[in-house]
Amino acid sequence: MTQDMAFTVTAAERLDKLVADTEETISRSQAKAAIEAGQITVDGQTVKPKFKASVGAKVAISLPDPEPIDLEPENIPLDIVYEDDDVIVVNKPQGMVVHPAPGHPNHTLVNALLYHSPLSEINGELRPGIVHRIDKDTSGLLMVAKNDQAHQSLSAQLQAKTNLREYVAIVHGNFKEETGIIKAPLGRSPKDRKKQAVVADGRPAVTHFRVLERYGDYSLIACRLETGRTHQIRVHMAYINHPVAGDPLYGPKKTLKGDGQYLHAKTLGFKQPATGEELAFSTPVPANFAAVVKRLRQQAGLPIDKEI
């Protein structure tokens, strides 16, 4: 089986970028590989990825169906903060993908969780137990449902905004204010399909922030999510000109070195699905995050051993 698509070029552009910008399901790297394999043609001719297609040209795409992802339990160590019969709270390390997807078929948090415990099946076979997500290069706390009843309860709490999700982040710049609320709707960026952006017709998104420490060129902040949109904190902070340090997607090129954005899901609170007991958990920032804060404190003349 193949996936067949076609379109007419409306603005001259190199072919790999043009395909990625036009077809939402194809990344630029996938487009480049498909062009090199002869699976994408212009006016019936095979060309190179950097070929500049002219206005009016006919682009035809014929891609093989993706290989199915076989979700297997994997014996990967987990940092479990809390567990009962209904829920697991896990501290996800920076760099780990939450669930399998094209490009990340295995070695995910879900693979590790399946080895450890049965999970709810509400989200389908690729996202069992996953009630909410955090980005690959964001670290911190996630709640995971072990059965369908728990999943329904935790999802309802998210929808009703009764749970607690608080992050800490190092961001660019200094703040005049101590606290703030960002209310700006989010949706897919019209300029770059890999990004989210503040758009007029986006989904409502609200982030509360407060400044914890100031370092001059950078600040340490806490962010509380009222909603949970994709990349919400990263997009909102960039929107107010305080992008998260180290963010390769929404931040400047000149930033703090590291393995991704300095963003950590530090505090998580919710009602236990079966008993209604109020539960709350907090976990320290990763070692690399703490080391950068220590260095910034030294440079700013602040106490270096204060808990983050």
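Start with S219, which, leaving aside its neighbours within four places in sequence, is in contact with A169, I170, V171, G173, N174, F175, E213 and R214; contact means heavy atoms within 4.5 Å. This is a predicted model, so local features need pLDDT of at least 70 and side-chain atom pairs count only at pLDDT 80 or more, while totals for chains, interfaces and linings use all residues. Residues are numbered from 1 along each chain as its sequence is written, and side-chain values use heavy atoms, with hydrogens and water left out.

S219 sits in strand β15. Helices (H or I, at least four residues) and strands (E, at least two) are DSSP runs, numbered from the N terminus. Is S219 buried or exposed? S219 is buried, at a relative accessible area of 0%. Buried means under 20% relative accessible area, exposed over 50%, and partly exposed in between, with a 1.4 Å probe and protein chains only. The S219 side chain reaches the backbone oxygen of G173 at 2.7 Å. That is a polar contact: a pair of N or O atoms within 3.5 Å, where within protein one must be able to donate a hydrogen and the other to accept it, and residues adjacent in sequence count only if both atoms are side-chain atoms.

Now the core. The largest nonpolar core has 29 residues, and L109, Y167, V171, F175, I221, I233 and M237 have the most contacts inside it. Elements that give two or more residues to this core include β8, α3, β9, β10, β14, β15, α5 and β16. A nonpolar core here is a set of buried Ala, Val, Leu, Ile, Met, Phe, Trp, Tyr and Cys residues joined through side-chain atoms within 4.5 Å. L109, leaving aside its neighbours within four places in sequence, is in contact with L78, V90, M96, V97, V98 and L142.

Next, helix α4, residues 148-160. Its 13 residues should span 18 Å at 1.5 Å a residue, and the end C-alpha atoms are 18 Å apart, which agrees; the expected span is 1.5 Å times one less than the number of residues. Which residues of α4 are buried? They are A150, H151, L154, Q157 and L158. Seen down the axis of α4, the buried residues fall within an arc of 130 degrees, so they line one face of the helix; the arc is that of the directions from the helix axis to the C-beta atoms. Q149, Q152 and Q159, on the other side of α4, are exposed. The cover over the buried residues includes β8, β9, β10 and β16. At the N-terminal end, N147 caps α4, with a side-chain oxygen 3.3 Å from the backbone nitrogen of Q149. After α4 comes K161, with a positive phi near 60 degrees.

There are other positive phi values. Most residues other than glycine have a negative phi. D43, in the loop between β3 and β4, has a phi near 50 degrees. H231, in the loop between β15 and α5, has a phi near 60 degrees and is buried, with a relative accessible area of 15%.

Last, strand β11, residues 179-183. β11 pairs with β14 in the antiparallel sense over five bridges, and T179 stands opposite R210; two strands pair if DSSP finds at least two bridges between them.
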